[in-house]
Amino acid sequence: MIYTVTLNPAIDYIMTLPRFTEGAVNRSSSEEIFFGGKGINVSVILNRLGVPSTALGFTAGFTGQAIEQGVSSQGIATDFIHLPSGSSRINIKLRTTQETEINGQGPSISPHGLEQFFQKLNTIQSNDILVLAGSVPSSLPNDIYSQILSRLSDRGILFAADAAGALLTNVLQYRPFLIKPNHIELGEIFGTEITTPDQAVPYARKLQGQGAKNVLVSMGPQGAVLLDENGEVTKMKAPAGKAVNSVGAGDSMLAGFIAGYLSRHDCFYALALATAAGTATALSEGLADKELIYRLLEEVYLLNEK
């Protein structure tokens, strides 16, 4: 079984405006609502690719109920901790000539709530996959991912992590099966700027040297780079297209890789499916559907013949 962790899930309220004027009344031309958070996004794409998972995390208030119902309605199993106070956050995305995000804070998670969460994690078994994705709410310690892996490191669980900065580097000692920084996050870790796949490779090797088995670096429209556990580098070009959405593309790539790897245990196929899924979401208003992902997978193969 695959378990995804979203510590601070959200309702993403996306408003499209022809223009935005500060200090004035602005009227949208359309609105959309998505139930998200990085781990939930991974579960959604896995589900669309026919791979079941269970979404874990915390919810609170009427917004939390809406998130849980919205995720469940898509056929995804959920097992959230229901916090007794506060409300799950609402993130506002303004799409005009530029895209602006206003992210809510989310509820406070008590030590009791955190202990309940740890108890749920205790049910995860050998050969299960645990995906840790996204930022950590301010009410939790900033080493929470390390605490989770420390508790589970001797169980034969495959860990995947998609996070930034110390949140990512601190889990390397537990030898995660997969980490997925984007090129900007990878550069920030090492205090440099990475703009090409070739530039990403030596820094991916440094992360592998610190413990990661497979390092998947998403490169936006340039595709992705994979440094696999055998030390081999594969660069995957992405199909061209007009990006309309920056939310969830990296999560889709992570889900695509996991789905592809479980299907064939072949890193080239996993990377190709990851690239197709990430691109498909970037070209969609929300998270990509299965049809577009597999249509783009054919284009990925044409662009990247072995």
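Arg175 sits in the loop between helix H5 (165–169) and strand E10 (178–179). The model is predicted. Phi of Arg175 is near 50°, a positive value in a residue other than glycine. Most residues other than glycine have a negative phi. Arg175 counts as partly exposed because its relative accessibility is 49%, and the exposed class begins over 50%.

A second residue has a positive phi. His265 is found in the loop between H8 and helix H9 (267–282). Its phi is near 50°, and His265 is not a glycine. His265 has 56% relative accessibility, so this residue counts as exposed.

The table sets out both residues.

| Residue | Phi | Relative accessibility | Class |
|---|---|---|---|
| Arg175 | near 50° | 49% | partly exposed |
| His265 | near 50° | 56% | exposed |

About 40 Å³ of space lies in the largest cavity.

Which residues line the largest cavity? They are Ile129, Leu158, Phe177, Ile258, Tyr261 and Leu262. The lining divides into six nonpolar residues, no polar ones and no charged ones.

Key: Residues numbered from 1 in each chain as written. Predicted model: local features only at pLDDT ≥ 70, side-chain atom pairs only at ≥ 80, totals over all residues. Heavy atoms only, no water. 1 Å grid on protein atoms, 1.4 Å probe; cavity = no way out; pocket = protein on both sides within 12 Å on 5 of 7 lines; lining within 4 Å. Points joined across faces, edges and corners; volume = space filled by probe spheres on them. Nonpolar A, V, L, I, M, F, W, Y, C, P; charged D, E, K, R; others polar. Helix = DSSP H or I, 4+ residues; strand = E, 2+ residues; numbered from the N terminus. Buried < 20%, exposed > 50% of the residue type's maximum accessible area, 1.4 Å probe, protein only.
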